[in-house]
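Subject: Structure handover

Hello,

Here is the structure we talked about handing over. Please open it first, then read the notes below.

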Amino acid sequence: MDARIVGINIAKGRAVARTADGEYVLIELSTDEPELHDEIKGKFDEHPLGDLIIKNMTSGEKMEVYIQNYCSEEFAIDYLKG
């Protein structure tokens with residue numbers, strides 16, 4: 001399923017993506033840092049948690065991330081703040 005990066009907190013190593021279904025995905029970044037509005041692809045429709053390799057469709061690169069959770073927009077904003 002496709003998603004778009006809608007928020008990033010580089011200092012905390014966190015990002016939030018919004019899926020095509022309107023869910024928000026809380027992402028812990030390892031070494032790769034996406035840009036705001038990058039399109040990413042992963043198995044988000046299966047709601048995996050933990051380590052996941054996703055593809056940044058904008059840059060063409062694969063990224064190793066850690067999926068924290070799926071949530072509402074309000075909780076996603078709080079997650080980015082830290």
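**What was found**

Buried residues account for 39% of the 82 residues in the protein chain. Buried here means under 20% relative accessible area, exposed means over 50%, and partly exposed lies in between (1.4 Å probe, protein chains only).

Some ground rules. This is a predicted model, in which local features need pLDDT of at least 70 and side-chain atom pairs count only at pLDDT 80 or more, while totals for chains, interfaces and linings use all residues. Residues are numbered from 1 along each chain as its sequence is written, and side-chain values use heavy atoms, with hydrogens and water left out.

**Fold**

The protein chain has 1 helix and 6 strands. Both are DSSP runs numbered from the N terminus: helices are H or I with at least four residues, strands are E with at least two. The order along the sequence is β-β-β-β-β-β-α. The radius of gyration is 11 Å, close to the 12 Å from the globule rule for 82 residues, so the protein chain is as compact as a globular protein of that length. That radius is taken over C-alpha atoms, and the rule is 2.2 Å times the number of residues to the power 0.38. Along its principal axes, the C-alpha trace spans about 30 × 25 × 20 Å.

**Barrel**

The 6 strands form a closed barrel, in the order β1-β2-β3-β6-β5-β4, with antiparallel pairing. Neighbouring strands are turned by 45° against each other on average, direction ignored. The axes are lines fitted to C-alpha atoms, for helices over the stretch in contact, with angles from 0 to 180 degrees between N-to-C directions. Strands pair if DSSP finds at least two bridges between them.

- β1 and β2 run antiparallel, joined by 6 bridges. I5 stands opposite A17 in β2. The two strands form a hairpin with 4 residues between them, and G13 in the turn has a positive phi of about 70°.
- β1 also runs antiparallel to β4 (residues 39–41), with 3 bridges. D2 has K41 in β4 as its bridge partner.
- β5 (residues 50–56) and β6 (residues 62–71) are antiparallel over 6 bridges. D51 is bridged to Y66 in β6.

**Cores**

A nonpolar core is a set of buried Ala, Val, Leu, Ile, Met, Phe, Trp, Tyr and Cys residues joined through side-chain atoms within 4.5 Å. The largest has 15 residues, of which I27, I40, F44, V65 and I67 touch the most other members. β1 (2–9), β2 (14–19), β3 (24–29), β5 and β6 each supply at least two residues of this core. β6 gives the most, with 4 residues. A second, separate core of 7 residues includes Y24, L26, C71 and L80.

Contact means heavy atoms within 4.5 Å. Leaving aside neighbours within four places in sequence, I67 is in contact with V25, L26, I27, F44, P48, L49, G50 and L52. Of the contacts in the protein chain with a separation of 6 or more, 46% are between residues 24 or more positions apart.

**Backbone points**

Most residues other than glycine have a negative phi. Two histidines are worth a look. H37, in the loop between β3 and β4, has a positive phi near 80°. H37 is partly exposed, at 48% relative accessibility. H47 sits in the loop between β4 and β5, with a positive phi of about 55°. H47 is partly exposed too, with a relative accessible area of 38%.

Best regards
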